[in-house]
Every structure is written in structure tokens, then in C-alpha cells.
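Please look at the sequence and the model together before going on.

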Amino acid sequence: MVPKVFAGQEMVVENESCIMNGNWKKRVHVFGERVRRIPTKACQTTWRVGREDPRRLIHAFKVGLSLTLVSLLYLLEPFYKTIGQSAIWAVMTVVVVLEFTAGATLCKGLNRGLGTLLAGLLAFIVGYVANACGRVSQAIIIGAAVFSIGALATYMRFIPYIKKNYDYGIVIFLLTFNLIAVSSYRVDNVLKIAHERVYTIAIGCAVCLLMSLLVFPNWSGEDLHNSTVYKLEGLAKSIEACVNEYFYGEIEGSGDIKLSEDPIYKGYKAVLDSKSIDETLALHASWEPRHSRYCHRFPWQQYVKVGAVLRQFGYTVVALHGCLRTEIQTPRSVRAMFKDPCIRLAAEVSKVLIELSNSIRNRRHCSPEILSDHLHEALQDLNTAIKSQPRLFLGPKHRHNQASNMFKIAAEQVGHGKTSLSSVKTDSSALLEWKNKRVSTEQTKESERKSLRPQLSKIAITSLEFSEALPFAAFASLLVETVAKLDLVIEEVEELGRLACFKEFIPGDEFVVTCDEPRIDV
């Protein structure tokens, strides 16, 4: 018996070791395949990033050229003798300041230059006053200045306007002031160090500004302008595609489609994700000099307001898209009764959004007939079609009877667990028996109640016979809501045209230009 047991154990151990070896070989094979695919994936990703926006490749060459130019201060002997080791600050400035758009580079470059200059002047004043006193007094003055200026500058960073526009400049101011002020206690020629540092940082900022403004410049204002046009067109396509899918597509099988691959989702996704991008682009565009090309001052913040209204409009489109993914759907025969007015209304809303996008793209005012009678007629046709079928939106008359039947069934099923006590004995043994029977009866009721809960839920769901047109009523109300919110979009776009001094509308200007996805890097 014992040898057989040991033999069985050895067989089990051998089987387990074989399985472990097989799993290990499989993992090594999978890991090798992944490593082998890394170069191919890297090449594909690199090619895709450059193909999506060729300006990224140009920006990479601009950064490389700028770094080469400022490195000459360190590499060439005449420049190195003049500037010394402080030339490395020019290289660091280019790495930190040079951004993708001209507005972002101007914002960071001017913040860095102004912060360095003010910090150098203030540190020189503090050092001059401290040197006039004794050694101990010099340390006290420097320490008090570092504390007070550091606390004050940090508190100023919490002010919304300063945090929005000059936060980077205050950080550079704090860094430069502390480096120069504290170094002045141990170094005698601190004035020369501050002069060289300010000088090299100014050179780095100048190289960044020249590269951003003169060599294939990328403007934040143009990116903001194009993204607004793209968002309007995306909403127009989403509404039209949503209504067409509702009446022509297979709604029941659409739940298997991935959300990222849904064309309706792609249309409004850029609108929902645009808040931070719009605010950043508007901030950088306000630093750019091109804002005075069409009027005295271009209203970049109005673009942010237009984006906010478009997001509110986009939420309605999201809810409209959600009607295509609900579990309860109106039968196709009922939807066919309202197909024509809904499609016509969606087409008119889409037409208005396309006209708004063309007006912003061409920098002209909207057509006076943007809210034509066709939109109101389509809305009226939908209202008439719904009123012509009042019975579809009423539930069955016997719903109350079914609800009462449901509670009757539940009462009957629960009633089977009831027990009656016909007589009560007076002695202690009878009392104890009665208590035990009561506890067991309550436990039986509780178990029956728990087992009946799924049955009651099932009875309740089957007894609720909703109107067949109720899901369509939600869809139609959201479609009408898009018309109501369309007025707010038109008002903000017209205000943008007024503030930006758009040219007047000419009857021959209503042509449609397709707009690809804008190339935006923030």
C-alpha cells in the first residue's frame, strides 16, 4: 500500500511540474512576441503622429535648431570667455520656454524674462542694503527678505488673475531671487553672476521668440478658431446620424458597437472634452500679436463662451444618442408614423449648425434667413403628427386591475405562511412550547419572504405594460429641446461676429466647405 501511495504522489508532482513548465514556456513565447512587435508599433505610432499633424515634425526641428544655436554660447571659445558657465542657462531656457504655439511661447518667455529681471533687481537692492550693515545684520536682513518676499509671492499665486496669467513668472521670480540673495552672503561678485544669468536667459528667450514668431509659426488663435468650426460641424453630423439611425438603423444590435467607433459619439466627443482646451488656447491667443488683424482687439474669450453653449447643446445630443441604447424601444411600425417630420426637423437643425460653422470659418455674419420658416414648419409638423395619434401615448385601461391582481397574488403567497393559535395552555411547559413555536413561525415567515422577493419583482415587471410610444416621446422631446437650445448658440455666434468685426453677409456667400478634424496641440 505505501509504495503505491508514494508512486501516486510522484505522478501528481510530475504532472504539476509539466504543467508549470508548459505555462512558463507559453509566457516566454508571449513575451518574446511582444518584444518582437515593439519596433513595428513604435514606427507605426511615430508615422501616425506625424501624419495627423505635420506641424509637430516642424516644431521638433525648430526645437533642435534653437538648442544648437544657444549651445554655441558654450561651445565657441569667444562666447564662452565672455559669458562663462552661465551659458547653460540659455540652453535651459530654450528647453523650458519653447512651446508648440507662438502664444504659449510668448506667455512663458515673457513670464520668465520679467520674473528673472525683477528678481535680479530686488536681490541686488537687498544685497546692497545688507552689505552696508555688519556681518550678523547682513544675515538677518537676507533671512527676513527671503521669508517676507517668499511668503508674499506665494500668496499672490492664489489670486485668480495672477494664477491664470503670471503663475510661471512668479515661480521663476522666487527661484531667481532666492538663488541670488542667498548666494550674496558667501559670494562677493554676486552682481556679476546676476548680470550673466539675466543676460543668458534673455538670449534664450529671444531665440525662442524668433523661432516661434518667424519660422513657420503656429497660432493658438487659429487653432481655437478652427476647433470651434469643427465642433459645430460635428454636432450637425451627430444629430443627423442619430435620427437616421433611429428610423433606418438596427437599434437592437447597436449596443455591440464600441463607443469609440461610433460615428455619432465621435461627432460630439470633441465638444464635451473642449472646456480646458478652449480656455488654454484663448489664454495663449491673448498673448499673440495677430489679434489686431481684423479689428482693434480680437475677442478670444467669446470663443470660450461659444464653446460653453455648444457643450450645453452637446449634452442634449448625448441624451438623444442614449435613446438609441435603451432596453425599451418603440416598435418600428410606430416609429414609421413620425419618421418624416423628425428627419425633416433634424435636417433643419443640422442646416443651421452648418451655416453657423461657415460664418465663423469665413469670418462673416450669419445669413439673415438662418432661422427660416422651414425650421418652424418642421417643428409644427412634428407637433401635428404627435397630436394625430393620441392613443399611442396612453397606457392600457386595465393597468389598475393588473396592479391589484399583482398585490392579490403576493398576499395569497405570503398568506400561506400564517399560523393560528387555537388555544393557550396556562402551565409553564405550555408557555415554553408556545414561545418556541412562535420563534420557529417567525423564522419560517422570514425565509418565505426572502424567497418571494424575486417572484414579486418578476410579477411587478410583467404587470407594467408601458405605452409603446413612450420611448419615442422621450426621443421627440429631446429633438425639440435641440431647437430650443439652438437659439442660444445663434446668439453667441452673432455676438462673436459683432465683437470680432466680421464682414457683412453677401447673398452669394452661402457655400459649404468641409472641415477636417482640427490639429490642436495644447
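Leaving aside its neighbours within four places in sequence, which residues is Phe475 in contact with? In this model, which is predicted, Phe475 is in contact with Cys242, Val243, Tyr246, Phe247, Leu320, Cys323 and Leu324, once neighbours within four places in sequence are left aside. Phe475 also belongs to the largest nonpolar core, a set of 59 residues in which Phe313, Leu353, Leu356 and Phe475 have the most contacts inside the core. Several helices build this core, and α10 (220-248), α11 (263-272), α12 (275-285), α13 (300-322), α15 (339-361), α16 (373-387) and α19 (470-499) each supply at least two of its residues. The largest share, eleven residues, comes from α19.

The chain holds 19 helices and zero strands, and 37% of its 522 residues count as buried.

The UniProt record, an unreviewed entry, places the feature "transmembrane region" at residues 57-76, 88-107, 114-130, 136-156, 168-186 and 198-216. Two of these spans can be followed in the model. Residues 57-76 are 95% helix and 0% strand, with end C-alpha atoms that lie 28 Å apart, while residues 88-107 are 80% helix and 0% strand, with end C-alpha atoms 22 Å apart.

Helix α4 (residues 88-97) has a buried set made up of Trp89, Ala90, Val91, Thr93, Val94 and Val97, and these buried residues pack against α2 (55-75), α5 (102-131), α8 (167-183) and α9 (190-214). A nonpolar patch on the surface is formed by Leu65, Leu69, Leu72, Tyr74, Leu75, Leu76, Phe79, Ile88 and Met92, which together have about 790 Å² of accessible area. The elements that give two or more residues to this patch are α2 and α4, and the largest share, five residues, comes from α2. Leu75, one of the patch residues, is found in helix α2 and is exposed, with a relative accessible area of 65%.

Charged residues give another view of how the parts meet. The count of salt bridges comes to 16. One of them joins Glu233 and Arg361, whose side chains meet at 2.7 Å, N to O. Because Glu233 lies in helix α10 and Arg361 in helix α15, this pair ties together parts that are 128 residues apart in sequence. Glu233 is buried, with a relative accessible area of 5%, and Arg361 is buried as well, with a relative accessible area of 18%.

In another salt bridge, Asp167 pairs with Arg157, the closest N and O atoms being 2.8 Å apart. Asp167 lies in helix α8 and Arg157 in the loop between α6 (135-156) and α7 (160-165), so this pair ties together parts that are ten residues apart in sequence. Here Asp167 is buried, at 18% relative accessible area, whereas Arg157 counts as partly exposed at 27% relative accessibility. Lys108 forms a salt bridge with Glu99, with the closest N and O atoms 3.3 Å apart, and Glu99 counts as partly exposed at 28% relative accessibility. Arg48, Glu52 and Arg56 are linked in a network of salt bridges.

Is Asp278 buried or exposed? Asp278, whose place is in helix α12, counts as buried because its relative accessibility is 2%. Not counting residues up to four places away in sequence, Asp278 touches Leu224, Ser227, Lys231, Val304, Gly307 and Arg311.

Arg363 has a positive phi of about 55° although it is not a glycine; Arg363 lies in the loop between α15 and α16 and counts as buried at 14% relative accessibility. Cys501, which is not a glycine either, has a positive phi of about 60°; Cys501 lies in the segment after α19 and is partly exposed, with a relative accessible area of 45%.

Conventions. Residues numbered from 1 in each chain as written. Predicted model: local features only at pLDDT ≥ 70, side-chain atom pairs only at ≥ 80, totals over all residues. Heavy atoms only, no water. UniProt positions renumbered as here; feature names shortened; annotations may be inferred. Helix = DSSP H or I, 4+ residues; strand = E, 2+ residues; numbered from the N terminus. Core = buried A, V, L, I, M, F, W, Y, C linked by side-chain atoms within 4.5 Å. Buried < 20%, exposed > 50% of the residue type's maximum accessible area, 1.4 Å probe, protein only. Contact = heavy atoms within 4.5 Å. Patch = residues over 30% accessible without salt bridge, like charges linked within 9 Å, V, L, I, M, F, W, Y side chains within 5 Å. Areas by Shrake-Rupley, 256 points an atom, 1.4 Å probe, with all protein chains shown as cover. Salt bridge = Lys/Arg side-chain N within 4 Å of Asp/Glu carboxyl O.
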